[in-house]
Every structure is written in structure tokens, then in C-alpha cells.
Amino acid sequence: MATLGSTVGGTTSGPLTGTSPESEKDPEFQEHDKILSPDFLSVAQISEMLAEDIDGVQQKFATFLNFKNLKSCLKEAILLDYYVSGFLWARDMDFSVMQYSKFMTLLHTSLHNLKALHMSLKDSLQWLGEVMAEIGPAHVQKHGKWSIFDIKQANAITDYLKISLFQHYKLYEFLFYSTREEIVIGTEQIVEVVKSSGGLFPNPLEEGISFDIYSTFIEPPPILDTEMKGLDQEQGPTESQPAASTSESDVLAGFTIEDIKSVLAQVTDDILIGIQAEINEKLQTQEEAFNARIEKLKKA
């Protein structure tokens, strides 16, 4: 029969049953005293947790097992649930302190056999049968004493281990033997922002909005001298219109309709040539700006 030499949370106290000089000489008593020893929980720990509610029992077990990452470690959370559920089930069964001790050691040893000894499900079931034969009613039928659990309790313990551990044996094997990749749930990126050049708005990032939208709607380019001259030329005729209108009868008196059409056609051609030159100059300036940006992007 396999026995456990260490516990998850650290060392524990020795066997719970007291001995006397007479019992120390009894080999059968000493053999029974070694069953499922050392105990997983001490008498003091069991007594403390019996006085706690569910949250208190969970906190006591987390401290005893030295689990500090319950919110982020799935393995610790599963093992804590395994032990807390077993302890609360034993409390519903109204076990004595001795029965609490042996039952919790049985739960711990069953899990230890899977984790450390890599026992298969078949071997674990065989081991459980051998242990229950030593601490259950089968042993009392042979020797007439040293039974810890009666028939009803032994059957209940077997059923509980079936639904708590053996029914999910493959999942516990996966928990202990399979490595899990860490999932990245967040990332940090540094974005360098262009400092403001003194205007109301900062300069746009190259990967941000296009230059056309920025220059049109956010910060239009300054008006060039050529544009100012064009505006003056456009405003010139309009300013002289009142003077022309006052002397319109005198100026046009010596001209025919054909002469007026010829003069208007010449003036219109001059204005259109000036506008065309201004448009070409603007297109050339815009093209140079785009070429400069494209070369900058290629170098980057």
C-alpha cells in the first residue's frame, strides 16, 4: 500500500491517535496507526476550520496550501476547490475529528498518487480499495477493532471520490502534466506625437490624415503674394465700375457694337491667360509638395 511522506502545504503533525506503553507493544496497533500517515491536516487545523463558514474554510485552505495567485492561476483555483469541497462534504457527513483527518488525507493522497506517482485510473482504484479495506468495515470483520468508517460511510466516501476525482481523472492528468501557453491579453504601444509648430493645432502625423484634408479644413496654407496680386487684379475692375458707369454715355458714344465686342474679347483673353498661369503655378507648387512627401516616405 502506498503511503505519503509529504504534504502540499508543508509538514503536518503526527498521527492523531494517542499511544500507550501497552499499545506500543501491539504490532497490529502500530500497523493501523501508519495507515494514511502523516495526516494531511492537524487536529488544530481541523478544529479551526470547523468553526468557519464557507469563505473562512476557503481562506484557511488557501493559507495552509500557500496559494497566493488564485485570481490568475487556474491550477491553484482548481486544487483549492478540490480540498474545500471535500472538507465541506465531510462536514455534512458529520464526521469525527479522526474521520476528518483520515478522509482529508485520503483525498490528498489520491491526488498525490496521480500527480507524483503517475498512477493510472485502474491503479488508483485498486489502491483505494486496499486503503478502504484497512480503514473501513472490511478490516473490522477480520480483526474486530480499529475500524474508522462504517459501511455506510465507506460507501459514501467511495461514491464521493468517484464523482470528485475519478470521473474527471483525465482532466486532472491534463492539469498536472500538460504545459499551457501564456495568453497575452494586453499590449503596450508607444506613439510619438509631432510637437506643435506654434499654431492652434499640432502638425499631422504622416500615418494620420492626408495633407489635402489637413491643409483644406484644419490649417489652410498662407496666401502667397501671387494670389494677393490676383485678388487685386480681380478687384481692380470692380472698384473702377462706379467711375465707368458715371461716364458710360460719354466713353461709348464714339464706338460701334463691333468695337465693344472686340475690346471685351481682348480683355477676357487677358484675364483667362492670367488665371491659367496662376492655376499652373498652384498645381506645380502642390506637385512639388507631394513629391517631397513621397520621397520622405520612401526613405522612411
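**Figure 1. D94, with a relative accessibility of 64%, counts as an exposed residue.** The view is taken from a predicted model. D94 sits in the loop that joins α5 to α6, and its phi angle is near 60°, which is a positive value in a residue that is not glycine. As background to this view, most residues other than glycine have a negative phi.

**Figure 2. H118 is a residue other than glycine with a positive phi, near 55°.** The residue belongs to the loop between α6 and α7. Is H118 buried or exposed? H118 counts as exposed because its relative accessibility is 51% and the class begins over 50%.

**Figure 3. The protein as a whole, shown for orientation, contains 14 helices and zero strands.** Read from the N terminus, every element in the order is therefore written as α, in the run α-α-α-α-α-α-α-α-α-α-α-α-α-α. Of the 300 residues in the protein, 26% are buried, and the accessible surface comes to about 20,600 Å², with 57% of that area belonging to carbon and sulfur atoms. Among the contacts with a separation of 6 or more, 64% are made by residues 24 or more positions apart.

**Figure 4. The largest nonpolar core of the protein is made up of 46 residues.** Within this core, the residues with the most contacts are L41, F61, F103, M104 and I157. At least two core residues come from each of the helices α3 (43–50), α4 (54–64), α5, α6, α7 (121–135), α9 (151–164) and α10 (169–177), and α5 gives the most, with nine residues. In soluble globular proteins, nonpolar side chains tend to be buried together.

**Figure 5. F61, one of the residues with the most contacts inside the largest nonpolar core, is shown with the residues that it touches.** Leaving aside residues up to four places away in sequence, F61 touches F40, L41, M49, L80, Y83, V84, F87 and M104.

**Figure 6. Helix α7 is shown with its buried residues, which are S124, W127, L128, V131, M132 and I135.** These residues lie on the same side of α7, because they cover an arc of only 135° around the axis. An α-helix has 3.6 residues a turn, so residues three or four places apart point the same way. The cover over the buried residues of α7 includes α6, α9 and α10. The helix itself has 15 residues and reaches 21 Å between its first and last C-alpha atoms, close to the 21 Å expected at 1.5 Å a residue.

**Figure 7. S110, a residue of helix α6, is shown with the residues that it touches.** Which residues does S110 touch, not counting residues up to four places away in sequence? They are Y82, W127 and L165, and W127 is one of the buried residues of α7. S110 has a relative accessible area of 4%, and is therefore classed as buried, the limit being under 20%.

**Figure 8. K122 in helix α7 is shown together with F166.** These two residues are 44 residues apart in sequence, and their C-alpha atoms are 9.7 Å apart in space. K122 is exposed, its relative accessible area being 65%.

**Figure 9. R293 in helix α14 (residues 257–299) is shown together with F211.** Along the chain R293 and F211 are 82 residues apart, and a distance of 9.4 Å separates their C-alpha atoms. R293 is partly exposed, with a relative accessible area of 31%.

Key
Residues are numbered from 1 along each chain as its sequence is written. This is a predicted model: local features need pLDDT of at least 70, side-chain atom pairs count only at pLDDT 80 or more; totals for chains, interfaces and linings use all residues. Side-chain values use heavy atoms; hydrogens and water are left out. Helices (H or I, at least four residues) and strands (E, at least two) are DSSP runs, numbered from the N terminus. Buried means under 20% relative accessible area, exposed over 50%, partly exposed in between (1.4 Å probe, protein chains only). Contact means heavy atoms within 4.5 Å. Accessible areas come from the Shrake-Rupley method with a 1.4 Å probe; for residues, only the protein chains shown count as cover. A nonpolar core is a set of buried Ala, Val, Leu, Ile, Met, Phe, Trp, Tyr and Cys residues joined through side-chain atoms within 4.5 Å. The expected span of a helix is 1.5 Å times one less than its number of residues. The arc is that of the directions from the helix axis to the C-beta atoms.
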